[in-house]
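Hi everyone, thanks for coming. Please have the sequence and the 3D view open while I talk, and we'll walk through a few features together.

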Amino acid sequence: MKKNILKTVVFIFALFSFGIASGQRGINTPTPSAALDIVATGEITSPKGVLKVKNSSAAEMVTVINDGTVGINQPSPSPDALLELSSTTKALLITRVDNTAAIANPVDGMILYDKSVNCFKSYENNAWSPCLSK
């Protein structure tokens, strides 16, 4: 009985000591500042990924490069793109809102699909554009 209690106490102490109980995990950092904090190491000018997510067939699904470039279904995203999507069978689905009033604080450069008038709109020069698709 004493051995079981001792094992339990040691286990609980280990949980708290290694941050497991706090819910934060760090990779290449002893002090994670988020639920999952990944810090790249090595050659920072290299196009190697900082983060790669693969499916059960080991196909790369998401790649994050050192400079913040993200590829979805694109293991080598273009260095001139912030986000590169790649698919021959799927499309990009833009945010759909009931109307532009749903956006409390719009900023220039936003694009959305306005369901009240069934069209795409962009926010530019501090105003929503007329329908882009009509």
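Let me begin with a term: two strands are said to pair if DSSP finds at least two bridges between them. And please keep in mind that this is a predicted model.

With that term in hand, look at Val62, whose bridge partner in β5 is Ile72. Strand β5 covers residues 70-72, and three bridges join β4 to β5, with the two strands running antiparallel.

Now go to the other neighbour of β4. Strand β3, residues 49-54, pairs with β4, residues 60-65, over five bridges, again in the antiparallel sense. What links the two strands? β3 and β4 form a hairpin, and five residues lie between them. In that turn, Ala58 has a positive phi of about 70 degrees.

Let's zoom out to the sheet. The order is β3-β4-β5-β6, an open sheet of four strands with mixed pairing. Which strands stand at the edges? They are β3 and β6, the latter at 83-85, and each has a single partner strand, so one side of each has no neighbour in the sheet. From one strand to the next, the twist averages 10 degrees.

Leaving aside residues up to four places away in sequence, Ile38 touches Ile27, Val50 and Leu51. Is Ile38 buried, exposed or partly exposed? Its relative accessibility is 27%, so Ile38 counts as partly exposed. Also, Ile38 and Asn28 are ten residues apart in sequence, and their C-alpha atoms are 6.5 Å apart in space.

My last stop is the disulfide. As a reminder, a disulfide is a covalent bond between the sulfur atoms of two cysteines. How many does a search of the whole structure find? The search finds one. The partners are Cys119 and Cys131, with their sulfur atoms 2.0 Å apart. Cys119 lies in strand β9, residues 119-124, and Cys131 in the segment after β10, 127-128, so the pair ties together parts twelve residues apart in sequence. The torsion about the S-S bond is about -65 degrees, which means the disulfide is left-handed.

Note on methods
Residues are numbered from 1 along each chain as its sequence is written. This is a predicted model: local features need pLDDT of at least 70, side-chain atom pairs count only at pLDDT 80 or more; totals for chains, interfaces and linings use all residues. Side-chain values use heavy atoms; hydrogens and water are left out. Axes are lines fitted to C-alpha atoms, for helices over the stretch in contact, and angles run from 0 to 180 degrees between N-to-C directions. A disulfide is a pair of cysteine sulfur atoms within 2.5 Å. Buried means under 20% relative accessible area, exposed over 50%, partly exposed in between (1.4 Å probe, protein chains only). Contact means heavy atoms within 4.5 Å.
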